[in-house]
Amino acid sequence: QNEEKWDFVLVSDIHEMGSEKEIKRKKFLDELSKKGFTIKKIEDTKLFYGVRAPQHIFWKYQCLLTNPNSRQQNSSAYQDVPATTRIRVVHFILQNTVTSDLEKLHDLMKKKVFEAAFPLHKKEEMREKLKKKWARWRVLFKEQPIEEIRCYFGEKVALYFAWLGWYTYLLIFAAVAGLATVAAGATVFSSSQVSKEICDANNTIMCPLCDQNCSFWLLSDTCTYAKVTHMIDNEATVVFAMFMAIWATVFLELWKRERANVVTSWELYGWDEEEEELALQLINNSQHEPRLYQHSYLRSTIVLILALLMIMVLIGIAHALVIYRAMAVAVFTQSDTSLLSQHADIVAVMTGAVLHYLTIVVMTKVNWNVALFLCDLEKPRTFTQRENSFTMKIFLFQFFTHFSSLIYIAFFLGRVNGHPGHYVRIAGHWRLEECHPSGCITDLFIQMAVIMVLKQTISNIMEYLIPLISHQLRKKKKHPQRRSLMLGEEEEAEDPCKRQWLNNYELNEVNVFSLFNEYLEIVIQYSFTTIFVAAFPLAPLLALINNVIEIHMDAIKMMRLRRRMVPRKAKDIGIWLQVLEAIGILAVIGNGLVIAITSDFIPVQVYKYMYSPCTRENHTSMDCSTGYINNSLSVFHIRDFERLTKVLPVFKGEQIKEYRDYRNADDYTYTVQFWHIFAARLAFLILFEHVALCVKLIAAWYIPDVPQRVKNKILTEKYINLRNELRWVMSWKV
């Protein structure tokens, strides 16, 4: 049976004898044979080459990377290496074997000499256990078998699922806090004076929201939206935003402790990735010289400039979407179709959202290629350095691609559009869009809800269906046709390896970015969950539901729909931890800005303590926010409308109130109250961010990254090793 255990399978088209591709294939296989590899050929619609490495390669690996003390004790016997180690070592040798034409496997695959190279999913006990305990929908709420995942897919994949499981577990607390915030808004704050005044404002006439075919409207028309807005825009939201800033820190600190426990149990806490790579290079080629570290300030400067140019392009695309929405409203309001003209703003938002989605799809591919190009310019020394560099660039580009629109809605929408009689216009014609009549935070709430619900739903459906359909099509297309037998002819016995290799070949391809894509998806979701959570407290709940499904969907994809991933060693989640810490800081800044700028929290507080009736008289029974709505509206004279503004029907009157601004009635300059509010916003922002960051630092200090048990275990091991070394030295002297 040992002869039928193969480490890797190479797949090639059947080329003509003597062709260039056939010669190149033979040269590569000959190089493997010189290294002692056993190769088995099976011919079907494709050529399959099973590859098995000689045992001495793994002896070298154990000798180079085993602890010196254990080597002295067990110098005569080596244990069998795990299957994950075999696959990793063989994969490294295959990728770094050079033919006489100075070509590696990667070059040969580009030239279509080989079509695929993959390790096998085998019918072993571990795989069946994972299928039963992990890769099925029935075990949706059961604990993940991390140790079994590690034994089959390697430490890197196991750490990803351990991190995702830990993140999902702690999301329970954030989701409960978010639900409590919404529940408090719906009950305790539902009968707020502010929303009551909006609902009672039957005589307050507001300015039209567009230039053409828009009429005046009553403030009371936004009664329902005002109640919904106050569910998320109240005092509880401030507390929730502070809680989420602390939660993000606690999550990362507790994960560091969990990681230390996990990698210590795997005996990888002191593992050195660079040492392992050097050992593999020497095993592959004993004459190998290490590639030294290099740094070029010129190259780094070029990469930095190109990255900044790319970010400017992404910001420019966000500006283009803003221009589109402004133009779309103007065009749709003049449409002959009554349905389109009456709902021009909604249609503009919907088409703008579709356009935004299309730009995300297109720019994701562009971002990917640009990030790879910049990585090639940097010329990283190792695969890990390349992966880290690529991670930072693609995350930065994807962040601006996804969040530019949200940043505009949160901090610029309705604040840079001017005022009636003097609107800011694009090309002197199209006026910029305004906030939702019930408040700017409503726009952000709607945008966040749409993005998180649709993105996660569509993403999960596509993420599962595309590999499933692709697998079925590959099976149908590449399933071998049985040859019809002639009369009296006996059917040849099929090679037992053939069916196994074909089944693995029919699965979907995996590459070095397969796990990277999973990380990127969850980290982008983490950004949505933390950075603007003050505007959408239900974000942690939606993330929790998504992650419970995501874990098992990824498991099913890896076990049933994709070829086996090459196992990789790892002792942490790499540079993703730094990305998550950066997001935690952005979350403090983002939520502070949302509360200070986007919400009505600060204007209401300024009114209560400086302008309300409570400041003039002692009204113990009166709500101090009484009169806030009337106070926050400014008077506008109709005669001052611009010539581009044509209101239907014509309003017979002298003045009309404009919602959400603090301007004088005569010259429309800002009132003193505006500057009081501006100062209060700035003071709150500075106070909130400093308090939140201080709490984060205290939490990071209070929770040690490494548990005492792990520290003591490592200390004891060092002591025992040094004592054994000393005994060996003393016995040698004697």
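This is a predicted model: local features need pLDDT of at least 70, side-chain atom pairs count only at pLDDT 80 or more; totals for chains, interfaces and linings use all residues.
Tyr167 is buried, at a relative accessible area of 0%; here buried means under 20%, exposed over 50%, and partly exposed in between, with a 1.4 Å probe and protein chains only. Residues are numbered from 1 along each chain as its sequence is written, and side-chain values use heavy atoms, with hydrogens and water left out.

Let us stay with the rings for a moment. Rings of Phe, Tyr and Trp (its six-membered ring) pair if their centres lie within 6.5 Å; planes under 30 degrees apart count as stacked, over 60 as edge-to-face, and the rest as tilted. A search of the whole structure finds 44 aromatic pairs. One of them is tilted: Tyr160 and Trp163, 6.5 Å centre to centre with 40° between the planes. Both residues sit in helix H8 (residues 155–187), 3 residues apart, about one turn of the helix; helices (H or I, at least four residues) and strands (E, at least two) are DSSP runs, numbered from the N terminus. Tyr160 and Trp163 are both buried. The rings of Tyr167 and Tyr526 have centres 5.6 Å apart and planes at 75°, so this pair is edge-to-face. Because Tyr167 lies in helix H8 and Tyr526 in helix H19, the pair ties together parts that are 359 residues apart in sequence.

Rolling a probe the size of a water molecule over the atoms shows where empty space is left. On a 1 Å grid over the protein atoms alone, a cavity is a set of points where a 1.4 Å probe fits but cannot get out, and lining residues have an atom within 4 Å of a point.

Among the residues that line it are Leu314, His356, Phe400 and Thr401. Helix H13 (297–333), helix H15 (344–378) and helix H16 (383–411) each supply at least two lining residues. Here the lining divides into 6 nonpolar, 5 polar and no charged residues. Asn367 is also found in helix H15, and with a relative accessible area of 0% it is buried. Not counting residues up to four places away in sequence, Asn367 touches Met310, Leu314, Ile394, Phe397, Gln398 and Thr401, a contact being heavy atoms within 4.5 Å.

Now for the cysteines. A disulfide is a covalent bond between the sulfur atoms of two cysteines. With the rule that the sulfur atoms lie within 2.5 Å, the count comes to 2 disulfides. Cys199 and Cys223 form one of them, with sulfur atoms 1.9 Å apart. The torsion about its S-S bond is about 85°, so this disulfide is right-handed. Since Cys199 lies in helix H9 (residues 193–199) and Cys223 in helix H10 (residues 223–232), the pair ties together parts that are 24 residues apart in sequence. Cys199 and Cys223 are both buried.

A disulfide also joins Cys614 to Cys624, at 2.2 Å S to S. Its torsion is about -105°, so the disulfide is left-handed. Cys624 is partly exposed, with a relative accessible area of 25%. Elsewhere, Cys497 is buried at 2%, whereas Cys151 is partly exposed at 36% relative accessibility.

Notes: On a 1 Å grid over the protein atoms alone, a cavity is a set of points where a 1.4 Å probe fits but cannot get out, and a pocket is an open set with protein on both sides within 12 Å along at least five of seven lines; lining residues have an atom within 4 Å of a point. Ala, Val, Leu, Ile, Met, Phe, Trp, Tyr, Cys and Pro count as nonpolar, Asp, Glu, Lys and Arg as charged, and the others, Gly among them, as polar.
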